Amino acid sequence: MDLGLEGKVALVTGASQGIGLATAVGLAREGCDIAMCARREDVLRRAAAQVEALGVRAAPIPADVLRPEDARRFVEAAAAQLGGIDILINNVGFGIGKGLVASSDEDWVGTFEYNVFQGVRLTRLVVPHMQARGGGSVVFISSISGWIPQLSGTPQYGASKAAQIFMAEPLALELVHDRIRVNVVSPGSILFEGGSWNAFRQRAPEKFAAYERDGFPMGRLGTPEEVADVVLFLASERARWVNGANIRADGLEQPVPANRPW
C-alpha cells in the first residue's frame, strides 16, 4: 500500500533506538525526510546514517526534549534544515521512582514531564509549521500501561500513559479545523537490543521465558517494527478519517499473577 508519505517531513523524538528508530526507518522507506533527536549524539548519528542510506534526508539534532529550550531548538532546526514539518512522532517516554510510599513528588512530576508535558510542548511548537503546510499528523506513543493497572509498573507511569491516551481526542478536536490529526499508539511489551526487556531476558532467562509464556497469547513479545507499522499508517493520509483515537499494538498481552517479574 502506498501511504502517500513521499516528500513529507517527519520529526521523531527518541529516535536512536527501539520504536523511535524503527519508526524513523519506516518513514524513510516511505520517502519521508526525517528530523531525529536523542540525547546521545554518537548513537543518534549512527541511527541517522541508517535513515540516509534509504535515500532521504536525515537531520540528526542532539536534544533533550525535557528541556524547553532544547525542544524549541529541535523544532526550529528541523524546519529550517528540511523545509517544514508535516508529522510529529512523540516517542520519548520513561518512568521514575517506584511505588507510592517509595516515590517522591519529584518522581511523579518527572514521570509526567517525560510522558506528558514534553509531548504537549512539542505539539504546540509544531502547530504553526503544520498550519503553514495545510495540515499534519501528530502521533503519541503511549503504552498498554495506560489502561491495565497490573501492567503499569508504577502508579505514576500508568497515570501518565493514561493521560497521553486521554489527550488525543481533545487535542484533535482543537486542531481539527487546521487539518492536524492527533492519535495515540499504545504498544505492549516490546523486545529490542538495548531495551529493558532484553536486559531482563539476559539477566534471568528462565523467568523471562515463564513470563513470555504466561502473559503473551501470541507466544512472544512485540518488535519495534510491528509498532512502527501502526504509527506509519496513522501518520499517513491513508488514516485521514482516524482522529483522536488510541490504537492498541499489544498482541493481546495479559496480566499474570507475578505482574512485572523484575
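This report describes the overall build of a predicted protein model and then several of its residues.

## Basis of the model

Because the model is predicted, local features are taken only at pLDDT of at least 70 and side-chain atom pairs only at pLDDT 80 or more, while totals for chains, interfaces and linings use all residues. Residues are numbered from 1 along each chain as its sequence is written, and side-chain values use heavy atoms, with hydrogens and water left out.

## Overall build

The protein chain contains eight helices and seven strands. These elements are DSSP runs numbered from the N terminus, with helices (H or I) of at least four residues and strands (E) of at least two. Along the principal axes, the C-alpha atoms fill a box of roughly 50 × 35 × 35 Å. The radius of gyration of the protein chain is 18 Å, which agrees with the value near 18 Å for a compact globule of 262 residues. This radius is taken over C-alpha atoms, and the globule rule is 2.2 Å times the number of residues to the power 0.38.

Of the 262 residues, 55% count as buried. Buried means under 20% relative accessible area, exposed means over 50%, and partly exposed lies in between (1.4 Å probe, protein chains only). Among contacts with a separation of 6 or more, residues 24 or more positions apart account for 72%; a contact means heavy atoms within 4.5 Å.

## Surface and charge

The protein chain exposes about 12,200 Å², and carbon and sulfur atoms supply 54% of that area. Accessible areas come from the Shrake-Rupley method with a 1.4 Å probe; for residues, only the protein chains shown count as cover.

The chain has 26 positive and 29 negative charges, and their mean positions are 1 Å apart. Lys and Arg count as positive and Asp and Glu as negative, whereas His and the chain ends are not counted. Each charge is placed at NZ of Lys, CZ of Arg, CG of Asp or CD of Glu.

Helix 4 spans residues 105–133 and includes Thr-123. Thr-123 counts as buried because its relative accessibility is 5%. Beyond its neighbours within four places in sequence, Thr-123 is in contact with Leu-88, Asn-90, Val-138 and Phe-140.

Asn-115 also has its place in helix 4. With a relative accessibility of 0%, Asn-115 is buried. Not counting residues up to four places away in sequence, Asn-115 touches Val-92, Gly-93, Phe-94, Tyr-157, Ser-160, Lys-161 and Gln-164. Asn-115 and Leu-171 are 56 residues apart in sequence, and their C-alpha atoms are 16 Å apart.

Val-185 lies in strand 6 and, at 0% relative accessibility, is buried. Its contacts, leaving out residues up to four places away in sequence, include Val-139, Phe-140, Ile-141, Val-227, Val-230 and Ile-247. The C-alpha atoms of Val-185 and Ile-247 are 4.8 Å apart, although 62 residues separate the two in sequence.

Val-227 is found in helix 8 (residues 224–235). Its relative accessible area is 1%, so Val-227 is buried. Not counting residues up to four places away in sequence, Val-227 touches Ile-19, Val-185, Pro-187, Ile-190 and Ala-249. Val-227 and Ala-209 are 18 residues apart in sequence and 22 Å apart in space, C-alpha to C-alpha.

Glu-169 belongs to helix 5 (residues 155–175) and is partly exposed, with a relative accessible area of 49%. Between Glu-169 and Asn-246 the C-alpha distance is 9.0 Å, at a sequence separation of 77 residues.

Asn-198 lies in helix 6 (residues 196–203) and is buried at 4% relative accessibility. Its side chain makes a polar contact of 2.7 Å with the side chain of Arg-201. A polar contact is a pair of N or O atoms within 3.5 Å; within protein, one must be able to donate a hydrogen and the other to accept it, and residues adjacent in sequence count only if both atoms are side-chain atoms. Apart from residues up to four places away in sequence, Asn-198 touches Leu-191, Phe-192 and Glu-193.

## Positive phi outside glycine

Arg-179 has a positive phi of about 60 degrees although it is not a glycine. Arg-179 lies in the loop between helix 5 and strand 6 (180–187) and counts as exposed at 54% relative accessibility.

Leu-252, another residue other than glycine, has a positive phi near 60 degrees. Leu-252 is located in the segment after strand 7 (246–249) and, at 52% relative accessibility, is exposed.
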